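Trainee: I have not looked at this protein before. Could we go through it step by step?

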Amino acid sequence: MAETKPKLLIVEDDEGLQAQLKWAYEEFDVRIAGDYDSAIAALRAEEPPVVTLDLGLPPDPDGTTEGFRVLDEIMAIKPDTKVIVASGHGARESALGAVERGAYDFYQKPVDIEQLGLIVKRAFNLHAIEEENRTLAAKSGDGNRVLGGLITSAPEMVKVARTIERVANTNVSVMLLGASGTGKELLAQGLHDASQRREGNFIAINCAAIPENLLESELFGHEKGAFTGAVKTTEGKIELADGGTLFLDEVGDIPLPLQVKLLRFLQERTIERIGGRKSIPVDTRIVCATHQDLEAMIGDGRFREDLFYRLAEVVIKIPSLAERPGDAGLLAKAFLKRFADEMNPAVTGFAPDALAAIDAWGWPGNVRELENRVKRAVIMADGKLIGAEDLDLNGDDNETPEALNLKSAREQSDRKMIRHALARSEGNISSTAKMLGISRPTLYDLLKQYDLQT
């Protein structure tokens, strides 16, 4: 029986280029589409693992709107598809925008058949590896782990992980935006591990935790005798990460004079240690993170605009734990297992009231707060099951102060009961309505009235 060729969908409106690509890639089962409708129809019918996509499609052949429309629809229907987008000369911004929206890679027009062929083969190989990993994860019951050790079932966080995987093997600078405790360093480590730099060092530095007068030495190193106390030559973090990745956490706290020196490194890829005169070439990838509004800081003159654009070639926004439905419970169970194994093996799980409270809590401190509460509860627990009281989640800090009228008190009580019932039924509307003793239409009305998510 003949071996089945892997399916490759080429979305291109130039008939001459269509024929050229189909001839060049005869090792694949090539399907051709020239516009949005035919591309999406082919995607649904054939489910190709890899798609090449020209962003300039009719009725907007000179723009990108129709190409981005196709890309967005592919990511919505089959997010594991590897989409390789075409980028004309000077259209790097569009290509990077496509990567942010889920594209796997991009290629330059006019097309270099051999170069594009290598990108396509690499995409097929990666898709096959990911498919195998998903199969193994499903068999092992570990299907909630993505990007190495990241535990999630929330589509919002899975999308973040997939975006990081797609940009990992490029050399673009990545900026992670998110509140404190959302896992920015874990994601940066995941990006490093998924990249071709994985054999190099992953060096992390918190720019807010180091005094301003020491930060330059930490980043760039110093020569012996450069200042009082410099008794030996010391390499900085940028140099230590040569061939690997440097993670700059809280990059918004870098002082302006040092921002100039960091920008020079990003432009020239060389550094000078403090007290040194020799330029040292360094091949270090920068990944940075912040919870601050850097664009507002640029407006206030506290952050350099040119440095921002050097650091933020790809920006990835990380949702808070409250914006990741279901993840609090998953993470709590993982933390419990880890801490119980280390400190209190008698603890085996959570009581129902604890699970309900975990799902109902707003988690202002995000994953870090959850981890700390579970750790403390495991240490202090007397029995086998951790309750809401052990987690100190008896109250509800997410509500307004105690209501002084019956209508407000009723609304607060309804919100709390609905959230708890949804958590216990794992979001099942029928089970939740039955638990609350109301009809499904009534429950839908209450969810809409109180703006509650299922």
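Trainee: Over the face of which ring does R269 lie, and at what distance from the ring centre?

Mentor: Keep in mind that this is a predicted model. A charge counts as over a ring when, among other conditions, CZ of Arg is within 6 Å of the ring centre. R269 lies over the ring face of F265, and its distance from the ring centre is 5.2 Å.

Trainee: Over the face of which ring does R101 lie?

Mentor: Here the distance from the ring centre is 4.3 Å. The ring whose face R101 lies over is that of F68.

Trainee: What does the secondary structure of the protein come to?

Mentor: The protein has 454 residues, and buried residues make up 46% of them. Among contacts between residues at least 6 apart in sequence, 65% join residues at least 24 apart. The secondary structure comes to 18 helices and 18 strands.

Trainee: Which residues does the second, separate core include?

Mentor: In soluble globular proteins, nonpolar side chains tend to be buried together. The second core has 31 residues and is separate. Among its members are I205, C207, L219 and I254.

Trainee: Which residues is L53 in contact with, leaving aside its neighbours within four places in sequence?

Mentor: L53 is one of the residues with the most contacts inside the largest nonpolar core. Leaving aside neighbours within four places in sequence, its contacts are V11, G67, V70, L71, V83, I84, V85 and A86.

Trainee: Is D54 buried or exposed?

Mentor: D54 is found in strand 3, residues 50-54. Not counting residues up to four places away in sequence, D54 touches V11, E12, D13, G67, A86 and K109. Its relative accessibility is 9%, and buried means under 20%, so D54 counts as buried.

Trainee: Which UniProt annotation covers D54?

Mentor: The annotation comes from an unreviewed UniProt entry. For D54, that record gives "modified residue: 4-aspartylphosphate".

Trainee: Is the aromatic pair of F202 and F247 stacked or edge-to-face?

Mentor: A search of the whole structure finds six aromatic pairs. The rings of F202 and F247 are 6.4 Å apart centre to centre, with 15° between the planes. F202 is in strand 9 and F247 in strand 12, 45 residues apart, and the pair links distant parts of the chain. Planes under 30 degrees apart count as stacked, and the pair of F202 and F247 is stacked.

Trainee: Is the pair of F308 and Y309 stacked or edge-to-face?

Mentor: F308 is buried, with a relative accessible area of 9%, whereas Y309 counts as exposed at 52% relative accessibility. Their ring centres are 5.2 Å apart. The planes stand at 80°, so the pair of F308 and Y309 is edge-to-face.

Trainee: Which peptide bond is cis, with omega near 10°?

Mentor: Most residues other than glycine have a negative phi, and most peptide bonds are trans. P59 is in the loop between strand 3 and helix 3. The cis peptide bond runs from P58 to P59.

Trainee: What is the phi of E47?

Mentor: E47 is in the loop between helix 2 and strand 3. At 47% relative accessibility, E47 counts as partly exposed. Its phi is positive although E47 is a residue other than glycine, with a value near 50°.

Trainee: What is the phi of D392?

Mentor: D392 is in the loop between strand 18 and helix 16. D392 counts as exposed, at 51% relative accessibility. D392 is not a glycine, yet its phi is positive, at about 60°.

Trainee: What separates the C-alpha atoms of R338 and K375?

Mentor: R338 is in helix 13, residues 327-343, and counts as partly exposed at 36% relative accessibility. R338 and K375 are 37 residues apart along the chain. Their C-alpha atoms are separated by 9.1 Å.

Conventions. Residues numbered from 1 in each chain as written. Predicted model: local features only at pLDDT ≥ 70, side-chain atom pairs only at ≥ 80, totals over all residues. Heavy atoms only, no water. Core = buried A, V, L, I, M, F, W, Y, C linked by side-chain atoms within 4.5 Å. Buried < 20%, exposed > 50% of the residue type's maximum accessible area, 1.4 Å probe, protein only. Contact = heavy atoms within 4.5 Å. Helix = DSSP H or I, 4+ residues; strand = E, 2+ residues; numbered from the N terminus. UniProt positions renumbered as here; feature names shortened; annotations may be inferred. Phe/Tyr/Trp six-rings, centres within 6.5 Å; stacked < 30°, edge-to-face > 60°. Lys NZ or Arg CZ within 6 Å of the ring centre and 35° of its normal.
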